[in-house]
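I opened my notebook to look up a few things in this model.

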Amino acid sequence: MYSLRVCNILRNGALKSEVAVRGFAISSVHNDNHKCKVLVVGGGAGGCAMAAKLSSKLGEGKVTILEPADKHYYQPMFTLIGGGIKTLKDSYRPMSKVLPTLAKWVKDSAAKFEPENNTVYTANGDKIEYEFLLVATGLQLNYDKIPGLVDALSIPKGKVCSNYSPKYVDRTYQALQAFKSGNAIFTYPNSPVKCPGAPQKILYIGEHYLRKSKKRQNAKVIYNTSLPVIFGVKHYADQLWKIVEKRDIKVNLRTNLIEVIPDKNQAVFQNLDKPEETFTTDYEFLHVTPPMSAPDALAACKNLVTETGFVDVDKDTLQHVRYDNVFAIGDCSASPNSKTAASVAAQSQVVYKNMIAVMNGVKPSQVFNGYASCPLVTGYNTCIMAEFDYSLTPLETFPIDQSKERISMFYMKKDLMPPLYWHLLLNGLWNGPGFARKIMHFSLK
């Protein structure tokens with residue numbers, strides 16, 4: 001995913017124009033020593049939002065973004081792509097178009113963190129010294145941790161698919177279209193995942209597709225999840241159990257995919273409550289949510305992370321527990337909230353205000369309540385809009401029962417949220433629906 005844009009290419013007129021238009025300073029091919037006020041590691045949702053806020057406040061050249069990718073993906077759209085509702089082309093923009101023009105872009109990846117020296121080294125060998133560090137690396141997809149999975153995903157027009165990577169997401173709809181009869185299996189791994197509702201969203205969309213295409217009577221739809229519950233918030237889990245029962249979807253809890261045997265179209269699962277017990281199931285369709293973790297370079301810095309490899313921050317302030325000049329946002333943080341784009345939006349204002357406070361020698365006081373939102377798409381025109389906090393208590397924006405399947409929430413997910421993401425969140429202008437929630441509930445009272 002990570003690469004370097006070299007300064008020698010700047011002789012090319014097209015790239016000169018792009019740099020001039022965007023206002024980026026880009027690192028050279030030689031090992032450079034960069035210095036900055038704030039280093040943002042990662043150009044995903046959290047990195048973009050925070051870089052926009054901070055560079056607007058601090059001025060041009062004060063913020064450096066370390067990000068290797070050419071494209072920025074709106075990952076919440078991948079579920080809809082897997083169901084044939086959106087296309088992959090709809091889901092991305094050039095990275096150069098979403099990063100703030102006042103920031104400096106180092107097009108490379110982090111290879112080593114040295115928080116004790118206020119330094120990050122890049123994969124190309126550059127050294128970046130910072131006064132403040134914001135870690136926003138996101139999660140790493142570990143497809144290779146399941147034996148046989150990468151081979152299965154490499155089979156053209158195969159039966160195995162995965163919505164989580166732009167490399168594989170188009171396979172899902174292709175596999176649904178090719179399905180004739182047999183087991184349609186959807187999995188949830190034994191690891192933290194980005195958007196914990198996404199493995200279920202494609203389950204419901206897939207089942208709905210089979211009904212629409214008159215194939216449902218020939219399919220046994222199975223959801224094998226490593227979790228002990230169908231969803232972590234009981235308010236919504238109760239409704240989801242009703243949905244799977246009504247649609248005759250078999251749910252196996254504490255069941256983890258450990259191997260794929262592509263030449264036999266078989267998947268091997270483990271009973272997590274009795275790890276010595278495994279069983280093998282034939283599949284005609286297999287959607288795999290891969291195990292995930294913090295990126296290797298981040299997890300290797302034991303001074304910066306917890307035992308599980310996530311940035312060790314205070315869950316309220318999102319400031320590092322040992323390094324006062326280090327903060328984290330989004331999926332790489334050890335804060336115990338669901339890892340969603342909505343959480344990033346709510347965290348961004350907390351992190352921004354707390355970072356500015358520390359820069360001014362003031363103790364951070366803004367508190368993140370653990371807000372997360374998960375639009376649980378349940379088909380081609382319905383959605384349950386789950387919203388909740390650290391305590392897994394519903395924190396709903398609208399003055400209605402959001403545990404119900406609604407057409408309005410589906411179109412909010414499909415049509416409203418993408419422009420909100422591109423035009424507001426990434427530009428540092430969207431801090432979540434907290435203010436709107438207060439207005440709606442106050443007016444209701």
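This is a predicted model: local features need pLDDT of at least 70, side-chain atom pairs count only at pLDDT 80 or more; totals for chains, interfaces and linings use all residues.

**Entry 1**

Is Val 98 buried or exposed? Val 98 has a relative accessible area of 9%. The cut-off for buried is under 20%, so I wrote Val 98 down as buried. I then looked up where Val 98 sits, and found it in helix H4, residues 95-98.

Next I took the C-alpha distance from Val 98 to Cys 48, which is 7.2 Å. In sequence these two residues are 50 apart. Cys 48 has 0% relative accessibility, so I noted it as buried too.

**Entry 2: Cysteines**

A disulfide is a covalent bond between the sulfur atoms of two cysteines. How many does the structure hold? I found 0 disulfides. For Cys 48, the nearest cysteine sulfur belongs to Cys 332 and is 14 Å away.

**Entry 3: Strand E1 and its partners**

I moved on to strand E1, residues 33-41. Strand E1 pairs with strand E8 in the parallel sense, over 8 bridges.

Val 40 has Ile 65 in E2 as its bridge partner. What do E1, helix H2 and E2 make together? They make a right-handed β-α-β unit, with H2 covering residues 45-58.

**Entry 4: Salt bridges**

Side chains of opposite charge can pair when their charged atoms come close. I looked up the count and got 14 salt bridges.

Glu 131 and Lys 37 meet at 3.3 Å, N to O. Glu 131 is in strand E8, and Lys 37 is in strand E1. They are 94 residues apart, so this pair links distant parts of the chain. Glu 131 has 42% relative accessibility and counts as partly exposed. Lys 37 is partly exposed as well, at 25%.

Lys 112 and Glu 114 form a salt bridge at 3.2 Å, N to O. Are the two ends buried or exposed? Lys 112 is partly exposed, with a relative accessible area of 46%. Glu 114 is buried, at 13%.

Lys 159 and Glu 284 meet at 2.9 Å, N to O. This pair also links distant parts of the chain, 125 residues apart. Lys 159 lies in the loop between helix H5 and strand E10. Glu 284 lies in the loop between strands E16 and E17. Lys 159 has 29% relative accessibility, so I marked it as partly exposed.

**Entry 5: An open sheet**

I followed an open sheet of 5 strands next. The order is E10-E17-E11-E12-E13, and the pairing is parallel. Which strands are at the edges? E10 and E13 are the edge strands, and each pairs on one side only.

E10 joins E17 through 2 bridges. Cys 161 has His 287 in E17 as its bridge partner.

Helix H7, residues 198-212, packs on the sheet. H7 touches E11, E12 and E17. The direction of H7 makes about 175 degrees with that of E12.

**Entry 6: Two positive phi values**

Most residues other than glycine have a negative phi. I noted two residues with a positive value. Lys 214 has a phi of about 65 degrees, although it is not a glycine. Lys 214 is in the loop between H7 and E12. Its relative accessible area is 63%, so Lys 214 is exposed.

Arg 254 is not a glycine either, and its phi is about 55 degrees. I found Arg 254 in the loop between E13 and strand E14. With a relative accessible area of 24%, Arg 254 is partly exposed.

Key:
Residues are numbered from 1 along each chain as its sequence is written. Side-chain values use heavy atoms; hydrogens and water are left out. A salt bridge is a side-chain nitrogen of Lys or Arg within 4 Å of a carboxyl oxygen of Asp or Glu. Helices (H or I, at least four residues) and strands (E, at least two) are DSSP runs, numbered from the N terminus. Buried means under 20% relative accessible area, exposed over 50%, partly exposed in between (1.4 Å probe, protein chains only). Two strands pair if DSSP finds at least two bridges between them. Contact means heavy atoms within 4.5 Å. Axes are lines fitted to C-alpha atoms, for helices over the stretch in contact, and angles run from 0 to 180 degrees between N-to-C directions. A disulfide is a pair of cysteine sulfur atoms within 2.5 Å. A crossover is right-handed if, with the strands pointing away from the viewer, the path from the first strand over the helix to the second runs clockwise.
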